[in-house]
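These are my notebook entries on one structure. I set down what I looked up, topic by topic.

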Amino acid sequence: MTSWMPELRGRNGPLYRAIADALAEDIDAGRLAPGTRLPTHRELAERVGVTVGTVTRAYAEAMKRGLVSGEVGRGTYVRDREVAAHMPKPVDLERDDAPVELGINAPATPEGDPASQALRRSLEELGRTPRLAELLAYQPAAGTTAHRVAGAAWAARFGLQARPEQVVVCAGGQHAMEVAMAALTKPGDTLVTEALTYPGVKVLARRFQLRLQGVAMDAQGLVPESFEAACRVGAKLLYTQPTCHNPTGAVQPAERRQRIAEVARKYGVLVLEDDSYGLLPETRPPPLSTFLPESSYFIAGVSKLLTPGLRIGYLVAPARARGERLAEEVGLASLMTTPLMAEVLARWVEDGTADELVVRQRQEVGERLALMRAVLGRELPKAAMAPLYHLWLGLPEGRRSEEFVAQARRNGVSVTSAELFTTGTGPVPPAVRVCIGSPRTRAQLERGLRRLREVLDAGPEPLAAIV
């Protein structure tokens, strides 16, 4: 624990805010390193000569600013502010001493970069067609009929049957989430998610002023009984990833999906199902949406299966809801999704290119998982056998997520803290997410994994006291 003492001279305003400001300055200046444990509320209160309540408010203000994290029974710690960012900056350097990015959950690049080759062919073909001018003009907000047909065909790959008029073409999965929440919720509504969830949901919940409530998970994902408890107190929308959950990799069995659908139907809760990774496993349960067709909205992922640069995703509305309200939200925000990229993807869905790219991704992920098992070995849970870009890696006893992330960064490898995925104010799990898709080559991946292995073997670094 640090013997940190805030410098309060010359500061105006309430004392709690002055303490938070001093804390921010010391963090920015490097005087307080990520992972540093701060004095307890009582210790700092005695040191500064204020009440415990003032320190409690100061730490709460610092937590609100993203400066610190608190764990019940363990104390208050300085956050790694780079890790806390929603999207870390990618690093793609081939030098032996370059940092290796294992924090960004991107699809792998198979040898020969087939997605780039396919895009080059498609753009060359489009350049020779009379339709090019049409693709550069305004189009309906929901997408052209042909592009919505492609969306319905792509959703069918996941096991969801839909008509084209149910499909809205969006600028990627994140945009599809935003469109759905804008159309389906109002400020003050309760948005339910798994206790660990995709960080973009937390950002959107703040933007739309929703009450975010995380509910319990187990090895099979969302626990139906916990979901029902949340529904009893007025949940409006469930956001869930039943297949290949991010970050844990959990897959809900069909029986559990049916039970969750029954609970949602009983309490009139809408469901937004995000299937970003669903085609990576060759076999998988049917979408949750098939058990609740009247009130489920389904995101048929593209970015994590083909390539993120297309920025196309398909949002499928319930049959009776169609897509008019969703299309209105697209139109309000951006008029339309880029027709040129939607056309490229439509051609890939129709001619089988998209399916070939998924197969190549599966093959590349298999090779990278084998490499990860060889390097990390005993540290890997059974879920590491699943064909995914991300692994939820439990840490050895006594290791904290943010402390481990900071130590890994100093060792030249970036992974993601559990705090980024945690909802509510409960304790942060002692785990990190490790991604194997970001490095462009397997050699770069192996370098990062070996550095991670070194951090696991080294144990926690002692924290120097800061006066």
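**Entry 1**

I began with Leu335, which is exposed, with a relative accessible area of 51%. Here exposed means over 50% relative accessible area, buried under 20%, and partly exposed in between, with a 1.4 Å probe and protein chains only. The model is predicted, so local features need pLDDT of at least 70 and side-chain atom pairs count only at pLDDT 80 or more, while totals for chains, interfaces and linings use all residues. Residues are numbered from 1 along each chain as its sequence is written, and side-chain values use heavy atoms, with hydrogens and water left out.

I located Leu335 in the loop between α11 and α12 (339-351). Helices (H or I, at least four residues) and strands (E, at least two) are DSSP runs, numbered from the N terminus. Leu335 is not a glycine, yet its phi is positive, at about 70°.

I then turned to Arg311, in the loop between β11 and β12. Its phi is also positive in a residue other than glycine, near 50°. Arg311 counts as partly exposed, at 35% relative accessibility.

Which form does the peptide bond from Asn246 to Pro247 take, cis or trans? I noted that it is cis, with omega near 20°. Pro247 belongs to the loop between β9 (235-240) and α10.

**Entry 1: The sheet**

I traced an open sheet of 7 strands, in the order β4-β12-β11-β10-β9-β5-β6, with mixed pairing. Two strands pair if DSSP finds at least two bridges between them. At the edges I found β4 (167-170) and β6 (211-215), each of which pairs on one side only. From one strand to the next, the twist averages 20°. Axes are lines fitted to C-alpha atoms, for helices over the stretch in contact, and angles run from 0 to 180 degrees between N-to-C directions.

I looked next at how β4 is held to strand β12 (residues 313-316): 4 bridges join the two, which run antiparallel. Val167 stands opposite Val316 in β12. Helix α11 (residues 324-334) packs on the sheet and touches β4, β11 (296-300) and β12. The direction of α11 makes about 20° with that of β4. Contact means heavy atoms within 4.5 Å.

I examined helix α7 (residues 173-184) and helix α8 (residues 199-207), whose axes come within 11 Å and cross at roughly 35°. I recorded the crossing as right-handed. A crossing is right-handed if the near helix is turned clockwise from the far one by less than a right angle, and left-handed if anticlockwise.

Which residues make the contact? From α7 they are Gln174, Met177, Glu178 and Met181, and from α8 Gly200, Val201, Leu204 and Arg207. I sorted these into 4 nonpolar, 2 polar and 2 charged. Ala, Val, Leu, Ile, Met, Phe, Trp, Tyr, Cys and Pro count as nonpolar, Asp, Glu, Lys and Arg as charged, and the others, Gly among them, as polar.

**Entry 2: Salt bridges**

I took a salt bridge to be a side-chain nitrogen of Lys or Arg within 4 Å of a carboxyl oxygen of Asp or Glu. By this rule the count comes to 26.

Arg157 forms one with Asp355, the closest N and O atoms being 2.8 Å apart. This pair links distant parts of the chain, since Arg157 is in helix α6 (residues 145-157) and Asp355 in helix α13 (residues 353-376), 198 residues apart. I found Arg157 partly exposed at 25% relative accessibility, and Asp355 partly exposed at 30%.

Glu262 pairs with Arg259, their closest N and O atoms lying 3.9 Å apart. Both are in helix α10 (residues 254-267), 3 residues apart, about one turn of the helix. Salt bridges that share partners join Glu125, Arg131, Glu134, Glu343 and Arg347 into one network.

**Entry 3: A buried arginine**

Is Arg368 buried or exposed? I found Arg368 buried, with a relative accessible area of 1%. Arg368 is found in helix α13. Leaving aside neighbours within four places in sequence, I listed its contacts as Ala108, Thr109, Ile436, Gly437, Pro439, Arg440, Thr441, Arg442 and Leu445.
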